[in-house]
Amino acid sequence: MSAPTFHLNQPPHATAAPLRPGAGGTGTLLAHRPSAPGPTVPKELVHRHNAAEVMLTGWARRGEASFGVTGRWPRHHMFFAEVDGCHDPLIAAETIRQAGTLLLHAEYEVPFGHQFIMWNLSVSTRPGGLAVRTAPAELDLDVTCHDVKRRGKALLGLHYEAVLRRDGEVVGHGGAAVTCVSPGAYRRLRAPQLAGAGPRPPLTGPVAPHEVGRDSPTDVVLSPTGERGRWLLRVDTRHPVLFDHPVDHVPGMLLLEAARQSAIATLGRATPPSDVTGEFSRYAELHRPCLIEARRLPKCGAEESVLVTGEQDGENVFRSLVTLPPAGA
């Protein structure tokens, strides 16, 4: 599971999309985008500390449980790097994550200080639509929420699905399931683990960056174990993107990156994945070793898939299926 830890006592002042807390439709989708990069939604609404990591620019309610969200990907990103002339598919996963967080706060009125526990996150992309062009990629997301659970007026959780379009063309889709937890409940939930956490182990060394499709060892999230198909999760809490702000557990996006990197190492090619699914069964703790294991699955047509699991203290913490398109596609 992944629960961004972010605390804010007062609602932010919106610049890109006016907020009216307590009202029905609390966002305004920009009907006309400027040709030059414009403002994003307030960073607090997507649980980011660095405004440069905000991928969304506006939103609007379209129906009882459907919304339009706009986004923008930079031409070059320090972590979600260009591969083969295309945007990194995991930037689409991060965009879908941010869309859910935005709507939970802005449209479903979940107070700041509540934690969002993400149980799964999936993304599928079409490589042709991810081509890096001369300007940032402007996106339109159609987001639909379902299985909405409440206790009185308080939201307990929901599932949502998103379709991503660029210039009217579908370039990806995905979704997630999220549970909302009050500050008090979260403290009770996490207290036993955090009380006995102990000191954080030293940062382990990375595998060679080229083995996992990376240029810099700073962005490698796997450490060698000496066993084929097995690695230790490398948790560098100084990473400016994966740890944009302090958290008390391993972020879900780091686990998806570990899945992607282990799939690349397993298949021996750095082709961007066409599909990534992640299921988070429990918190991955920062202070305990996490073993990552990858298993190549039988081919389905020309595509290749790898099943990746993470284990900590003998228990599964996540599993991911990573699918790469045919070589040369």
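This is a predicted model: local features need pLDDT of at least 70, side-chain atom pairs count only at pLDDT 80 or more; totals for chains, interfaces and linings use all residues.
## Strand β9 and its neighbours

Strands β3 (residues 115-125) and β9 run antiparallel, with 5 bridges joining them.

## Two faces of β9

Side chains in a regular strand alternate between the two faces of the sheet. β9, spanning residues 275-280, has Val-276, Gly-278 and Phe-280 on its covered face, while Asp-275, Thr-277 and Glu-279 make up the uncovered one.

## Salt bridges

There are 20 salt bridges in the structure. Take Asp-167 and Arg-133, whose closest N and O atoms are 2.7 Å apart. That pair ties together distant parts of the chain, 34 residues apart: Asp-167 is in the loop between β5 and β6, and Arg-133 in the loop between β3 and β4. Asp-167 is exposed at 63% relative accessible area, whereas Arg-133 is partly exposed at 37%.

Arg-190 and Asp-248 also form a salt bridge, 3.6 Å from N to O. Arg-190 belongs to helix α2 and Asp-248 to the loop between β8 and α3, 58 residues apart. Both of these residues are buried.

Then there's Glu-304 with Arg-269, at 3.2 Å from N to O. Here strand β11 supplies Glu-304 and the loop between α3 and β9 supplies Arg-269, 35 residues apart. Glu-304 counts as buried because its relative accessibility is 9%, and Arg-269 does too, at 15%.

Methods
Residues are numbered from 1 along each chain as its sequence is written. Side-chain values use heavy atoms; hydrogens and water are left out. Buried means under 20% relative accessible area, exposed over 50%, partly exposed in between (1.4 Å probe, protein chains only). Helices (H or I, at least four residues) and strands (E, at least two) are DSSP runs, numbered from the N terminus. Two strands pair if DSSP finds at least two bridges between them. A salt bridge is a side-chain nitrogen of Lys or Arg within 4 Å of a carboxyl oxygen of Asp or Glu.
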